[in-house]
There are 2 protein chains.
Amino acid sequence: MASKRKVSNPLALAVMALLYERPMHPYEMVSTMRERGKHESVRLRYSSLYSVVGVLEREGLIVARETVRDGRRPERTIYEITGAGREEFLTWLRELLREPVKEYTQFAAGLSFLPGLPPEEAVALLEERVRRLEAETVELRSRLDTAAEQFNLPRLFLVESEHELMLREAELGWVRGIVEEIEAGKLGSLSEWRSLHSERDQLSAAGGGEEKDV
Amino acid sequence: MASKRKVSNPLALAVMALLYERPMHPYEMVSTMRERGKHESVRLRYSSLYSVVGVLEREGLIVARETVRDGRRPERTIYEITGAGREEFLTWLRELLREPVKEYTQFAAGLSFLPGLPPEEAVALLEERVRRLEAETVELRSRLDTAAEQFNLPRLFLVESEHELMLREAELGWVRGIVEEIEAGKLGSLSEWRSLHSERDQLSAAGGGEEKDV
DNA sequence: TATAAACTAGTCACAATCGACTATATACCT
DNA sequence: AGGTATATAGTCGATTGTGACTAGTTTATA
């Protein structure tokens, strides 16, 4: 039922998933996630990690087992998951898979204000997006293929990458279609659209000036 | 080049877009966005709005024009956009349309830890997701159709909804496919997958107990 | 005509987040 | 032998973002 959890950062899910396997210290979590490519699907920053680990400990989902020091390096605290942590991990994971949640993407925000640019410019920008998406999908696909082959991993451990690739390809096809539809005037009359833009706009689009006209 | 901007919350883009049209006070921004359905594509909370408006003002992208009070209600501050604000709005909008950015979705996080559940449960959860996505896409599509008809809006003003619907439908198709592939053992051997799960897991999956075994 | 909803219009304290920074160890190159 | 790049292992300050809360106004309703 999508209740609010005490730790909502998905990085916390990753931490619990890793400690579900075996105890480790934060830095090792980072290297493990990187090795497995999970940092491509869960945003990972050191600063967020240490903060998330702190909250998980405070909430009793993980505990510090021991603190070791290797030479004069900073000391490392090894954490392990608790029973409550295992429960929480499974409950959360089930919820994420079962319930679609609304996400706000940057591109959707941009699209919302598309009429803010004249149609010709919109088309040019979206065509540039198409080019970038093409490059990106090629790159993603080849990374996916070599990852699967080289380490001989079952697809199970890479589904999230297949998902990402699918989304990018869907977006690519859609943007291509929209560009054509704009040009064909199917989103609305091009002259009406153009008329939303006065000459002042052209000025501001052209010069990157230092105007201060409030 | 995706440089870091002083205000990065997309709500700030919406504020500038609205003030680009005409001056208004924050509460009116909310009602306008709601009328136009833009709150479906840009996350909108009062608390974030006032905070974002504050930052925009501090950065000189908008200015308070006047403060009016109607009866004994809290006073309303009417803002207008500055020249710098117009520049920033256009630059940001262009960037959002031109450059695909990596977004981390909740579902991708869930998928990353799919092996954390036994295959039968994974299938059941994903089938439930399919049902929910079906309902959601039907709902989205009908909202889109009635919005277009009832207000006789050109598609231009609803592209972001078409985009959202497209993404949901793409996800729906993909999840259906993955469910079949899991069942067919195409993501990896089902017995190997099952063997990742000991009997202890079954216990913790069954009872919602109060165990405290650290 | 009391009273409950729903609308109007915000404030505030706290928690989450992230960029920038510190500091040692080891491997590699010249 | 000296330099530099990379890996190890984290801390800290400042900013952002949000849930919970306040409080008056209008409209419906029993």
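**View 1. The contact between chains A and B in the predicted model draws on 66 residues from chain B and 66 residues from chain A.** On the side of chain B that touches chain A, at least two residues each come from α1 (10-21), α4 (83-98), α5 (106-112), α6 (119-151), α7 (159-183) and α9 (199-206) of chain B. By class, the residues on this side of chain B comprise 37 nonpolar, eleven polar and 18 charged. Of the interface residues of chain B, 100% are also interface residues in chain A, so the copies meet through the same surface.

**View 2. Chain B is superposed on chain A with an RMSD of 0.1 Å.**

**View 3. Helix α6 (residues 119-151) of chain A crosses α4(B) at roughly 40 degrees.** The axes of α6(A) and α4(B) come within 7 Å, and the crossing makes α6(A) oblique to α4(B). From α6(A), the residues Leu125(A), Leu126(A), Glu128(A) and Arg129(A) take part, meeting Arg94(B), Leu97(B) and Arg98(B) of α4(B). This contact of α6(A) with α4(B) contains three nonpolar, no polar and four charged residues.

**View 4. Ser198(A) lies in the loop between α8 (190-195) and α9 (199-206) of chain A.** Ser198(A) counts as exposed because it has 8 C-beta neighbours inside 10 Å, and a residue with 12 or fewer is classed as exposed. Between Ser198(A) and Glu169(A), the separation is 29 residues in sequence and 36 Å in space, C-alpha to C-alpha.

Technical notes:
Residues numbered from 1 in each chain as written. Chains lettered and ligands numbered in written order. Predicted model: local features only at pLDDT ≥ 70, side-chain atom pairs only at ≥ 80, totals over all residues. Least-squares fit on C-alpha atoms with pLDDT ≥ 70 in both. Contact = placed C-beta atoms within 7 Å. Helix = DSSP H or I, 4+ residues; strand = E, 2+ residues; numbered from the N terminus. Buried ≥ 20, exposed ≤ 12 C-beta atoms within 10 Å, placed from the backbone. Nonpolar A, V, L, I, M, F, W, Y, C, P; charged D, E, K, R; others polar. Axes fitted to C-alpha atoms, helices over the stretch in contact; angles between N-to-C directions. Parallel < 35°, antiparallel > 145°, perpendicular 65-115°, else oblique.
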